[in-house]
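Here is a walk through one protein model, taken step by step. Keep the sequence and the 3D view open as you read.

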Amino acid sequence: MESDKALRVAVLGCGSVGSQVVRLLDEQAADLEARVGAPVELVGVAVRRLDAPREVEVPEGLLTTDALALVSRDDVDVVVEVIGGIEPARTLILAALENGASVVTANKALLAEDGPTLFEAAEKHGRDLYYEAAVAGAIPILRPLRESLAGDKVTRVLGIVNGTTNFILDKMDTAGSGFAEALEEAQELGYAEADPTADVEGFDAAAKAAILASLAFHSRVTASDVHREGISEVTAADVQSAKDMGAVVKLLAICELKDDAVAVRVHPAMIPRSHPLASVREAYNAVFVESEAAGQLMFYGPGAGGSPTASAVLGDLVTVARNARAGTRGVGESAYADRAVLPMGETRTRYHVAIDVDDRAGVLAQVALAFAEHDVSIQTVRQEGRDLDAQLVVVSHEATDAQLSATVEHLRGMEIVREVTSVMRVEGEAE
Ligand SMILES: NC(=O)c1ccc[n+]([C@@H]2O[C@H](COP(=O)([O-])OP(=O)(O)OC[C@H]3O[C@@H](n4cnc5c(N)ncnc54)[C@H](O)[C@@H]3O)[C@@H](O)[C@H]2O)c1
Ligand SMILES: N[C@@H](CCO)C(=O)O
Ligand code: NA
């Protein structure tokens with residue numbers, strides 16, 4: 001792009017995010033031009049159907065159903081991919097890069113599954129590939145990890161990175177709703193999709209965790225490296241049990257550096273109400289970062305929605321445009337550390353276990369022994385007497401997930417244990 005020439009932008013997909021990108025490109029045109037130093041011009045919008053209803057009016061003549069032809073035009077400087085999914089998004093991004101365009105995308109699913117292929121193509125063709133919108137929507141988190149913290153050593157990232165599940169868990173906590181009822185409300189408000197599997201079962205958060213871990217630890221982490229558990233099994237009893245111990249249940253994406261390996265997981269966990277992430281309500285997102293020199297940082301804001309997500313897309317677009325004007329490109333992938341990914345069994349965590357037991361002599365000792373047999377140290381035990389039985393709530397110290405899950409299996413098989421009523425990991429508290 002020459003210094004006074006417009007930056008020519010093609011947008012692929014005109015749904016929730018794409019329509020807001022198109023709107024902002026029009027409404028902010030004068031400011032964008034001033035910030036970039038050249039006009040930012042929309043030259044085409046690829047859609048699936050020309051006659052579909054849209055949230056934005058696309059200028060005459062810009063709509064096309066041939067996305068491949070659009071990205072193959074030699075007058076396109078930047079392609080914004082907001083179709084989502086693996087194909088045809090991957091083919092279109094690769095074609096755009098090959099054709100000399102830079103790419104801005106919000107596509108976490110594709111980046112988490114096949115990021116390296118895209119990064120290599122960007123490198124090979126000397127173009128930019130930016131994706132701030134892919135993790136936690138509008139919240140600036142990827143740029144801080146990639147740039148602001150590039151001189152520090154990030155040791156841990158804890159994130160609430162899925163708005164739908166945070167909304168559901170928040171309703172279960174504050175309104176006492178059951179999972180199904182809270183999900184229905186999330187669907188009515190338009191947070192959850194008709195098929196909520198990607199959100200509820202943690203796939204969306206796992207993709208984001210893979211991207212966060214890759215950037216935080218300068219390694220390649222893909223979605224298949226992430227241990228994933230969703231929230232569909234979280235019960236009102238779990239939520240109440242968390243409340244009783246001054247905690248709240250959140251779906252967390254946890255990325256940790258352990259010696260020279262990384263551990264990456266997504267699962268519901270109890271965190272103390274005093275932890276900054278406990279105050280993240282409704283569909284908001286937040287990412288809590290711990291690094292050696294900076295200490296603790298928290299990034300908070302709207303993690304979804306057309307307009308917030310478009311804000312992140314436009315931020316990337318301005319960066320790409322400035323790079324192009326300066327005749328340079330931004331930093332590419334940084335995977336030099338090439339760290340191994342720890343299996344979940346070797347990851348260290350803590351468990352909260354609630355069990356119904358017979359209320360008689362020696363029961364507590366037997367339960368304590370089960371923990372001891374797996375070399376798991378107990379932090380607290382709370383007992384609540386009932387008519388004929390008692391509920392014991394045990395919170396462990398840190399141990400490997402394998403030791404902790406073996407302890408739970410052991411408890412389930414014990415004659416004195418009537419039922420294990422709640423099992424959940426506990427995070428966000430110093431040992
Ligand atoms: N909506 C959000 O809150 C949000 C937040 C962060 C990231 N994202 C990501 O942004 C991307 C877009 O999400 P969205 O919510 O806007 O989805 P959406 O379903 O609202 O929009 C996608 C659009 O792409 C169109 N499309 C599908 N195939 C096409 C093709 N071959 N050519 C042209 N158009 C095609 C669809 O018709 C649809 O209008 C996804 O990768 C998503 O993960 C969305
Ligand atoms: N479905 C996602 C959208 C943002 O990726 C969420 O609920 O957070
Ligand atoms: Na973001």
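Which residues surround ligand 2? The model is a predicted one, and in it the shell consists of Gly137, Asn162, Gly163, Thr164, Asp199, Asp204, Gly303 and Ala304. By class, the shell around ligand 2 has 5 polar residues, 2 charged and 1 nonpolar.

Now turn to ligand 1. It is surrounded by 24 residues. The closest are Gly13, Gly15, Gly84, Ala106 and Ala304. Two elements give two or more residues to this shell: helix 1 (16-27) and helix 12 (306-325). Helix 1 gives the most, with 3 residues. The shell around ligand 1 divides into 12 nonpolar, 10 polar and 2 charged residues.

How do helix 1 and helix 12 cross? Their axes come within 8 Å and cross at roughly 60°. That angle makes helix 1 oblique to helix 12. The crossing of helix 1 past helix 12 is right-handed. On the helix 1 side, the contact uses Ser16, Val17, Ser19, Gln20, Val21 and Leu24. On the helix 12 side, their partners are Gly306, Ser307, Thr309, Ala310, Val313 and Leu314. This contact has 6 nonpolar and 6 polar residues, and no charged residues.

Next comes helix 5 (residues 108-125), which packs with helix 4 (residues 89-98). Two packed helices are described by the angle between their axes and the distance between the axes. For helix 4 and helix 5, the angle is about 15° and the axes are 9 Å apart. Angles under 35 degrees count as roughly parallel, so helix 4 and helix 5 are roughly parallel to each other. Their crossing is right-handed. Helix 4 brings Ala89, Arg90, Ile93, Leu94, Leu97 and Glu98 to the contact. Helix 5 brings Leu110, Asp114, Leu118, Ala121, Ala122 and His125. The contact of helix 4 with helix 5 holds 8 nonpolar residues, 1 polar and 3 charged.

Helix 5 also meets helix 10 (residues 203-217). Here the axes come within 8 Å and cross at roughly 55°. Helix 5 and helix 10 are therefore oblique to each other. The crossing of helix 5 past helix 10 is left-handed. In helix 5, the residues involved are Lys108, Ala109, Leu111, Ala112 and Gly115. In helix 10, they are Ala207, Lys208, Ala210, Ile211 and Ser214. Sorted by class, the contact of helix 5 with helix 10 has 6 nonpolar, 2 polar and 2 charged residues.

Step back to the whole chain. It is divided into domain 1 (7-137 + 306-325), domain 2 (142-302) and domain 3 (345-426). Take domain 2 and domain 3 as a pair. Their centres, taken over C-alpha atoms, are separated by 25 Å. In the contact, 11 residues of domain 2 touch 10 residues of domain 3. Which elements of domain 2 each supply at least two residues of the side that touches domain 3? They are helix 11 (236-244) and strand 10 (261-272). Strand 10 provides the largest share, 6 residues. This side of domain 2 divides into 7 nonpolar, 2 polar and 2 charged residues.

Finish with two backbone details. Most residues other than glycine have a negative phi, and most peptide bonds are trans. Where does the model have a cis peptide bond? It joins Glu87 and Pro88, with omega about 10°. Pro88 lies in the loop between strand 4 (78-81) and helix 4. The second detail is at Asp259, where phi is positive, near 55°. Asp259 is a residue other than glycine. Look for Asp259 in the loop between strand 9 (247-258) and strand 10. Strand 10 is also the element that gives 6 residues to the side of domain 2 touching domain 3.

Definitions and conventions: Residues numbered from 1 in each chain as written. Chains lettered and ligands numbered in written order. Predicted model: local features only at pLDDT ≥ 70, side-chain atom pairs only at ≥ 80, totals over all residues. Axes fitted to C-alpha atoms, helices over the stretch in contact; angles between N-to-C directions. Helix = DSSP H or I, 4+ residues; strand = E, 2+ residues; numbered from the N terminus. Parallel < 35°, antiparallel > 145°, perpendicular 65-115°, else oblique. Left-handed = near helix turned anticlockwise from the far one by under 90°. Contact = placed C-beta atoms within 7 Å. Nonpolar A, V, L, I, M, F, W, Y, C, P; charged D, E, K, R; others polar. Domains from an automatic or database assignment. Near = placed C-beta within 6 Å.
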